[in-house]
Amino acid sequence: MASLEEIIKVNTEEIPADLVLKNAKLVNVLSEEIYETDIAIKDGKVAGISKGYKGKKEIDLKGAYVSPSFIDGHVHIESGMLLPSEFAKLVIPSGTTTVVADPHEIANVMGLQGISFMREATKDLPLDVYIMLPSCVPATRLETSGVDLNCYDLALLIDAPWVLGIAEMMNFPGVINCDKEVLSKIKLGLDKQKRVDGHAPGLSGKGLNAYVASGIASDHECTTPEEAIEKIRLGMYIMIREATGARDLEPLIPVLKKYNTRKCIFVTDDRHPKHLKKHISNMVEKAVEMGVDPIKAIQMASLNTAEYFKIPNTGAIAPGYNADIAVFKDLKNFEPTMVFKKGELVAQNGKMIIDMTEFQPPELRGSVNVKPIKKKNFQIKIPKGKNEIKVINVIPKQLITKLSIEKVHDENGYATSDTKNDILKIAVIERHKASGNIGLGFVKGFGLKTGAIASTIAHDSHNMIVIGTNDEDMYYAANQLVKSQGGKIIVENGKTLAQLKLPIAGLMSEEPAETVMNKLQTLEKTASDIGCKINDPFMSMAFLSLSVIPEIKITDKGLIDVGKFEVTNLFV
């Protein structure tokens, strides 16, 4: 790191800078203006911005635009199914050099060991990865998670400099009802002068006031201008989300064109690999296309996020700041021609230019711990006098589901899949403690005509979830995922048609990003080949066990009536 004396001496011309970016059009997010200048860099820091600096190396940008590189303010890296190093290879070339990660997914599987794994796997990357400690592990008591993280567990890590606070507090009823464990986690973050992020979809009025008064300072669940404006008025930062499955930027554009954008931040939350190559840069570009001032769009992708999370010397180009810089041809196309991390050119024209083969992940134990499965575990005996069942109905492109009452498909006294009416059997198999818990039910909307699909990605506790047209293929699929220690699979007639192995916590692959993307594409095509009507059935399936989103879900403990927040009987 540059000493104070060296940075001063660059400015007094006693020593040259390491690098000078000449003739740059600086997008100054501090003064909200654009002007031509030179940028001097010494040992990874910006030494100064002014004309006439001399450097050991000089790059003439010839009037190209220069801005601080981008920060993702809320991301679950595990959702990309990639090792952190592979995630970095995809996002850095598009200008993202800092992320604030919530390791909520791996923490639900492996607790503190999972958080430590993410830290060890990211600490030496050319990408700054800060951690927010997961606040809701498990999300509910209606499912079995790998661990239960309480306030005392989180206290072991809260003082770490790479920890910025407490991640999204999804249990907003717990906040409003003064649940002691919930409030203790919020207090833990606030007592350390660190941030506590929120997650409160649709919360309004006095309930929202109570939530904000608790010290929770942000929310990434706004889907309408009215919701976002109410939260801004109460002092919250609005994290505007563009995830693979939830895209809120376009609906919130009216807020960005009229209200205080300094309270707004860009985040990606959950993204599949194919959507990582165009990362925060794509959000900036879309915002500008829809009429947002380019300087304000860049602020939301850099300075606002750094200031909210209190990340020092980050988010702007100014003396003493980290030289995290993106270079653009113009302010319409925000895919950078050059990306600098702490003064080093790390990506150019959409590609990494530094070797990243050295970043090997630490060892991690296996996580698919299942009591031996038998075919009979998938059988559902029909109680005497019962002929109707409660069925989960999937709604295209939405996480919410609807309940319908359907006639049971009876085969020799057992309820089975009814492919003619698109009613398929679904099972959630507990995979953390070998408890033997298996929740069984039926789902409508997938359209499978044959075979079965299965995955160890199932929010939030990530138990194994299987949907099939027959018990034999469901049994085969589940056992194959035990053998591979996690993944996604499609089977038919006792044979594997397509598979992506995810041996790291049942969530992440050890393979390169391109290989993972190709296998995901094969899975989607194969699902279509066996009749699936949903473009990405694995994503839809992953949320069928999320027992906090209406109307009806399923966990390893059974069918869940979300409205009543309780296990309900399959048969009417």
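Reader: Which residue forms a salt bridge with Glu 32, and how far apart are the closest N and O atoms?

Author: Side chains of opposite charge can pair when their charged atoms come close. A salt bridge here is a side-chain nitrogen of Lys or Arg within 4 Å of a carboxyl oxygen of Asp or Glu, and Glu 32 forms one with Lys 296, the closest N and O atoms being 3.5 Å apart. Glu 32 lies in the loop between strand E1 (17–28) and strand E2 (33–42), while Lys 296 lies in helix H11 (residues 294–300), so the pair ties together parts that are 264 residues apart in sequence. Helices (H or I, at least four residues) and strands (E, at least two) are DSSP runs, numbered from the N terminus. The model is predicted, so local features need pLDDT of at least 70 and side-chain atom pairs count only at pLDDT 80 or more, whereas totals for chains, interfaces and linings use all residues. Residues are numbered from 1 along each chain as its sequence is written, and side-chain values use heavy atoms, with hydrogens and water left out.

Reader: Is Glu 242, the partner of Lys 286 in another salt bridge, buried or exposed?

Author: Buried means under 20% relative accessible area, exposed over 50%, and partly exposed in between (1.4 Å probe, protein chains only). Glu 242 counts as buried because its relative accessibility is 5%, and Lys 286, at 23%, is partly exposed. The closest N and O atoms of this pair are 2.8 Å apart. Because Lys 286 lies in helix H10 (residues 280–289) and Glu 242 in the loop between strand E12 (237–241) and helix H9 (249–258), the pair ties together parts that are 44 residues apart in sequence. Salt bridges that share partners also join Lys 22, Glu 36, Asp 38 and Lys 51 into one network, and the count of salt bridges comes to 28.

Reader: Which residues touch the most other members of the largest nonpolar core?

Author: In soluble globular proteins, nonpolar side chains tend to be buried together. A nonpolar core is a set of buried Ala, Val, Leu, Ile, Met, Phe, Trp, Tyr and Cys residues joined through side-chain atoms within 4.5 Å. The largest one has 125 residues, of which Phe 446 and Ile 467 touch the most other members. Helix H3 (residues 104–122) gives this core its largest share, eight residues. A second, separate core of 34 residues includes Ile 240, Leu 252, Leu 303 and Leu 331.

Reader: How many cavities of 30 Å³ or more are there, and what lines the second largest pocket?

Author: Rolling a probe the size of a water molecule over the atoms shows where empty space is left. On a 1 Å grid over the protein atoms alone, a cavity is a set of points where a 1.4 Å probe fits but cannot get out, and a pocket is an open set with protein on both sides within 12 Å along at least five of seven lines; lining residues have an atom within 4 Å of a point. Grid points are joined across faces, edges and corners, and a volume is the space filled by probe spheres set on the points. The count comes to two cavities of 30 Å³ or more, and the largest cavity holds about 50 Å³ of space, with a lining that includes Pro 68, Thr 97, Asn 313 and Asp 324. The second largest pocket holds about 280 Å³; of the 16 residues that line this pocket, Pro 93, Ser 94, Asn 349, Gly 350 and Lys 351 are the closest to its centre. Helix H2 (84–91) and strand E17 (351–352) each supply at least two residues of that lining.
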